[in-house]
Amino acid sequence: LNRWETWFVRAVVLSVFILSWWMVPLGFRLYHLVRTAEIWGCFTWFKDEAENLTAIFGLSLTVVLAALASKLNLRGKSGALITKLAILTGPLLYLFVYFGVSYRMIFEHGAGAWEWYGVLGATALVSLWAWCFVDVNTYSPHGYYRDRLSECYLRARKNGSAVPHDAADYDLAHVDALRLTELNQGTAAPYHLINVTVNLPTSKDREVRGRDADFFLFSKRYCGAPMCGYYPTAELEDADPHLDLGTAMAISGAAASSNMGWQTSNSLRLVMTLANVRLGYWLRNPRFGVAKAKKLGGPGPLYLVREMFSKWMDEKQKYLNLSDGGHHENLAVYELLRRRCKFIVCVDAGCEPDMQCTDLIRLERYAAIDLGIKMHYDLSDLMLQSNGFSRAYGVLVKIDYSPPGNETERKNRQPADAEWGWMLYLKLAMIGYGPGYVMDYKRTQPAFPHQSTGDQIYDEAQFEAYRALGEAAAESFVSDELINGCQPPDIKSWFKT
C-alpha cells in the first residue's frame, strides 16, 4: 500500500470505531424499548421473557448458520454470504450476552438490578480463577473420548497368560494407563508409531505454508515433529502425567477439532470452539525441555482464545495444539517413507464413493516435495467400471527411495542402482463378487462400503459385511500356500507379484 492508501485505511478504521461508540448506546436504547414497549398486546409475556428469548435466539442462530455453512455449497455470492454470517455468529452471541448483562446494570431498578462493582468483581474473580486453575484440556471432550476408546481397544491378557483353547476362559484386562515407554518391552517388534497433526497456522516457516500444520509423532522412545524438534518420551511423560497410550490414541483419532491442519474451516472454527467441539489436545512443547515444562501451569484460557481465532499458534509457543493425524496425511505412511521401509501395507478406509484415492495422491506430493521420494502406481484397477465395481481391491505402489541427484545422474542411473521399496495399497473396493451376505448388504445399502464415517454404531449385518470385505481384500493379495495353512518357502512367495 502507498501512503495515501494507508491513510485511507486508517480513516476507515477510525470511522468504524467512532460509529461503534455511537451504536452501542443506541443498541441499549433499542433493547430497552423492546423490553418496555406497550405494543405487544396479548404478547406481554415477551417482555418478561426477553432475556431468555434473546439467549435462545442467539444460540439457535449460531447453530443454524454453522450448520448451513457446513452443509451447503459455499460457492458463489450466497455461499460467501453464509460463510461471513457464520463467522459473525460468535461475536453476535457475545453481543446478546453483553446487552443482557448491561441492561440489568443500567435500566433495571430494585431487586432486578445488578450493580457495576458486583458484575466487575464477579468477572475479575472468574477470570483470575480460570487463568490460574483452568486447564482447557480438562474441559474439552478429549477426556471422555479418550476413556471410551481406551475401554474398547486397550485390552491385554490377564497376568500375561497364553491364549487358552477354550474361548470362554479367555479373559482380558483393561490396561487404561499404559505408558508409551512401556510398550512392547519383551520383543524388538513391532515399534509403534502414532501419527498426529501439530497445528501451526501462524508459523512463518515456509515449509508449512498452505498446510498450516506439520507431522507429529508419538513413539516409545521419542516424540516430536521436524519443526518442533524431538524429545525423549520418558521425560515428556514425566512433564505431562496425562500423556500415555490412551491419550496418544485419542489425539490421533481426534477428527472433530476447531483446528484441523489444511482442512481447517475458518467459518466454523470459532463456532466449534464455543460449542466445545474440541477433541484435540494442548501438549507441552518438547523444545522447552522438562525443567521449564514442569514450571508451567496447564494451558489456560489464553490457549482457548488462540484455538478460537488461530492466533499465536506456531512452533515457538509453550504448548502445541495437536489433532487427528488425518488432518495432515490420512494414510499414516509418511513416517514409514521417512524411514525408507522396504515393504509397507497401507489400508485406505477413507470415505470416497468415487474412488479418487486423494489421500494417496496427497501422500505422493508430500513424499516428492519433503523427502525426494518418487512413487509409481497405476490406479486404473481401482477406478469404477461401467457396472459400478472395481477390478481389484488394491494396487502395488513402487517406491523410489534414491536421492534425486542432478540431471546427469538421473539419466545414467540404472534400475539396479536405485533403492526400491514396495507398498501394498488396499482400498475399500467392491469387485462384483464375494460372499452372498456381503453382496446382499450392498444391494440393500448402495453406499456400502463407503458409508458415512459419522456412523459409528454398526449392527451385525453391517459389521460382518465390512469384516468379510476386508478378509476378501487381504486374501486376494496373499499366496495360496498361506491361505491353505502351508508355510511359504520365503518372503517373496508370501505376496503375489
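The chain has a mean pLDDT of 80, and 74% of its residues reach 70 or more. Where pLDDT is low, the predicted coordinates should not be read in detail.

Two packed helices are described by the angle between their axes and the distance between the axes. For helix 15, which spans residues 436-444, and helix 16, which spans residues 460-475, the axes come within 9 Å and cross at roughly 120 degrees. Helix 15 is therefore oblique to helix 16, since angles of 65 to 115 degrees count as roughly perpendicular and those over 145 as roughly antiparallel. The crossing in which helix 15 passes helix 16 is left-handed.

On the side of helix 15, the contact is formed by Tyr437, Val438 and Tyr441, which meet Ala461, Gln462, Glu464, Ala465, Arg467 and Ala468 of helix 16. By residue class, this contact between helix 15 and helix 16 comprises 6 nonpolar, 1 polar and 2 charged residues.

The loop between helix 15 and helix 16 contains alanine 447. Alanine 447 has a relative accessibility of 44% and therefore counts as partly exposed, a class lying between buried, under 20%, and exposed, over 50%. The C-alpha atom of alanine 447 is separated by 7.4 Å from that of proline 353, although the two residues are 94 residues apart along the chain.

Methods:
Residues are numbered from 1 along each chain as its sequence is written. This is a predicted model: local features need pLDDT of at least 70, side-chain atom pairs count only at pLDDT 80 or more; totals for chains, interfaces and linings use all residues. Side-chain values use heavy atoms; hydrogens and water are left out. pLDDT is the predictor's confidence in each residue, from 0 to 100. Axes are lines fitted to C-alpha atoms, for helices over the stretch in contact, and angles run from 0 to 180 degrees between N-to-C directions. Helices (H or I, at least four residues) and strands (E, at least two) are DSSP runs, numbered from the N terminus. Angles under 35 degrees count as roughly parallel, over 145 as roughly antiparallel, 65 to 115 as roughly perpendicular and the rest as oblique. A crossing is left-handed if the near helix is turned anticlockwise from the far one by less than a right angle, and right-handed if clockwise. Contact means heavy atoms within 4.5 Å. Ala, Val, Leu, Ile, Met, Phe, Trp, Tyr, Cys and Pro count as nonpolar, Asp, Glu, Lys and Arg as charged, and the others, Gly among them, as polar. Buried means under 20% relative accessible area, exposed over 50%, partly exposed in between (1.4 Å probe, protein chains only).
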